[in-house]
Every structure is written in structure tokens, then in C-alpha cells.
Amino acid sequence: MSEQAFTADMLTKKRPSGIDAETTLAHFAIVTYCVDPGLLRPHLHERFEPDCISLEDGAQKALISVVPFYDQDFRFSRCPWPALSFGQTNYRAYVTDRETGEHVAWFFGTALASASIVIPRIIWRLPWHPAKITFNTSYDAEAKRYTQYEMNTRSRWAPGSLELEDTGVAVDALQGFPDLEEGLALLTHPLKGYYLRRDGALGSYAIWHDRLRLTEGRVKTASFPLLSDLDLVETGDVSAIHSVLIQPETNFTIYLPPKKLEHGRR
């Protein structure tokens, strides 16, 4: 894996236009697992190669993440009303684009708890799936940490449950990375995402957010059957967890519409 660091381009926001959207995400968490890169590759388009880290025992591992959050006020930048609120969980892997050399995210798909799913799912053919998502949280503003964080998802495609402990301590190291910036840039700042559309073609979309200020978390319980269905992580197994990163609130920009790329099929 080539070195990764925050650059001026990554931290400079492109002005939204057209139907670009903005939203404030609450209860934002990134739960990352170490997996066998050989098991991950069959789920990727041939254009992408898993980003890998070396563990202390010398094992090479790819990284995948489950990313739950609550959209508080999803709105189009030119038409801020009405604003929509809904839960969402993204399932993604960290990969390198062989064509550009960029570190990007590969999306297995998204669980979305909103009737507005008809637009990304039907019109744009994104691999987004209906769900009912609930958060049960309590945040101590003085201590700057969650005293309770629970998320539950009901979904045919990807049911799941998660209970986290928030240390309230800023992340100061990430396993397998030579320095913290490289790890944070890779895990928290992939601004381009790729996926197989529901018609089998390769699709992509772009986002932007500022550098995150995360605290270190720990998993109490985590169950994501989709990862088992993909033969990547056994349901309920927390031994492969690489890291848990938490931020109570952050702003995102989504550049729309997503793109359908040529030569998209595997």
C-alpha cells in the first residue's frame, strides 16, 4: 500500500451546485475489521486492489468497515427544505484504484431507513436496501463521550446490532499504520466511492467532509450477518476488529448525481 496523508485537495471543499446535497451526521462511527485479502478480492471489481496492513505477527490483512450514522437534516444545497432525517449504515472496503492510484472506498451496499430510498435504488440503481434503524444513545457533553451507544437494524439484506463503549480519548495510534495520519487518511477520508450498481455496471460517487475529530471506542457486541454472508467475518466475532472510531456529529457534502462508468461489468 502506498503512503497516504491528508492533502490540501482532500481538505478543500468543492462548492456544491445543482442537486448536490448536504447533511449533518449524528452518532457517526467507523467499526473496522481485519480480513483476509484473498477473501475480499472476489467481491471487488477487477479495477480495484485491497489496501493491506501488516500486523505484528507479519500477517497481511485487508480492511473493511461498517459505518452507522443518523442523517439529521439531509437536504439539497439549492433547496434546503424539506430536510429529511433517517438512519443509515454503509458497508465498505478500502481499496486502491489501479487506474488512478487513488485510495478509495468500495461499497458492498447501504442500509437506509427512509422512503426516499426510491431515488438512489430505483433511479440511480445504487446497491441501497430498505431497513429500519434505531439508535439508543446518551452523550455526556462535559466528558465529550457517549455513555451509551446502541444501534439496531432490521433489514432483509443486512440486519445488524452494535453496542459501543466510548473512551472519550482522542485516537493516537492505529494498528498496522506507520503513523496516525496515514491511518486516519485511509480509514476516515476516502472521498470517492465505487460499487456495482444493481444493473451490474460500475458506479461511483463523491463526497466531502472536513477532517474528523474522533475518539477511540471499543465494541461490547457487534453482529453484522452480511459480513458472514460475504465469508469475511463470522457473525458476532469481535476478534477481528481493528479499530472503533466515534464522532458525535459531523457535516457531509454529497455530490450528485452518482456516475455510471463505462466498461463497468466484472
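User: Let's start with Pro257. Which strand is Pro257 in, and what is the peptide bond from Leu256 to Pro257 like, cis or trans?

Analyst: This is a predicted model, so treat every value here as computed. Pro257 sits in strand β14. The bond joining Leu256 to Pro257 is cis, with omega near 0 degrees.

User: Next, the nonpolar cores. Which residues of the largest core touch the most other members?

Analyst: The general idea first: in soluble globular proteins, nonpolar side chains tend to be buried together. Here, the largest nonpolar core has 41 residues, and Phe28, Leu63, Leu174, Phe177, Leu187 and Leu245 touch the most other members. Several elements supply at least two residues each to this core, including β1 (21-35), β4 (60-76), α4 (180-188) and β14 (241-260). Apart from this core lies another one of 39 residues, and Tyr91, Tyr146, Leu162 and Ile241 are among them.

User: Can we zoom in on one of those residues? What is Leu174 in contact with?

Analyst: Leaving out neighbours within four places in sequence, Leu174 is in contact with Leu180, Gly183, Leu184, Leu187, His242, Ser243 and Leu245.

User: Now aromatics. How many aromatic pairs are there, and how are the rings of Tyr91 and Phe224 arranged?

Analyst: The count comes to 14 aromatic pairs. For each pair, read the distance between ring centres and then the angle between planes. Tyr91 and Phe224 have ring centres 6.2 Å apart and planes at 85 degrees, so the pair is edge-to-face. Tyr91 lies in strand β5 and Phe224 in the loop between β13 (215-223) and α5 (225-229), so this pair ties together parts 133 residues apart in sequence. Tyr91 is buried at 2% relative accessibility, and Phe224 is buried with a relative accessible area of 2%. Elsewhere, one aromatic cluster is formed by Tyr70, Phe135, Tyr139, Tyr146 and Tyr149.

User: Last topic, the charges. How many salt bridges does a search of the whole structure find?

Analyst: Side chains of opposite charge can pair when their charged atoms come close. The search finds eleven salt bridges. One of the bridges joins Arg47 and Glu99, at 3.5 Å from N to O. Arg47 is in the loop between α2 (37-40) and β2 (48-50) and Glu99 in the loop between β5 and β6, so the pair ties together parts 52 residues apart in sequence. Their cover is worth checking too: Arg47 counts as buried at 15%, while Glu99 is exposed at 61%.

User: Where do Glu49 and Arg98 lie, and which residues are linked with them in a network?

Analyst: Glu49 is in strand β2 and Arg98 in the loop between β5 and β6, so this pair ties together parts 49 residues apart in sequence. Their closest N and O atoms are 2.7 Å apart. Glu49 is partly exposed at 23%, and Arg98 counts as exposed at 54%. Arg41, Glu49 and Arg98 are linked in a network of salt bridges.

User: Which residue does Glu165 form a salt bridge with?

Analyst: Arg218, with the closest N and O atoms 3.6 Å apart. Glu165 in strand β10 (residues 160-170) and Arg218 in strand β13 are 53 residues apart, and the pair links distant parts of the chain. Glu165 counts as partly exposed at 33%, and Arg218 is partly exposed at 43%.

How values were computed: Residues are numbered from 1 along each chain as its sequence is written. This is a predicted model: local features need pLDDT of at least 70, side-chain atom pairs count only at pLDDT 80 or more; totals for chains, interfaces and linings use all residues. Side-chain values use heavy atoms; hydrogens and water are left out. A nonpolar core is a set of buried Ala, Val, Leu, Ile, Met, Phe, Trp, Tyr and Cys residues joined through side-chain atoms within 4.5 Å. Buried means under 20% relative accessible area, exposed over 50%, partly exposed in between (1.4 Å probe, protein chains only). Helices (H or I, at least four residues) and strands (E, at least two) are DSSP runs, numbered from the N terminus. Contact means heavy atoms within 4.5 Å. Rings of Phe, Tyr and Trp (its six-membered ring) pair if their centres lie within 6.5 Å; planes under 30 degrees apart count as stacked, over 60 as edge-to-face and the rest as tilted. A salt bridge is a side-chain nitrogen of Lys or Arg within 4 Å of a carboxyl oxygen of Asp or Glu.
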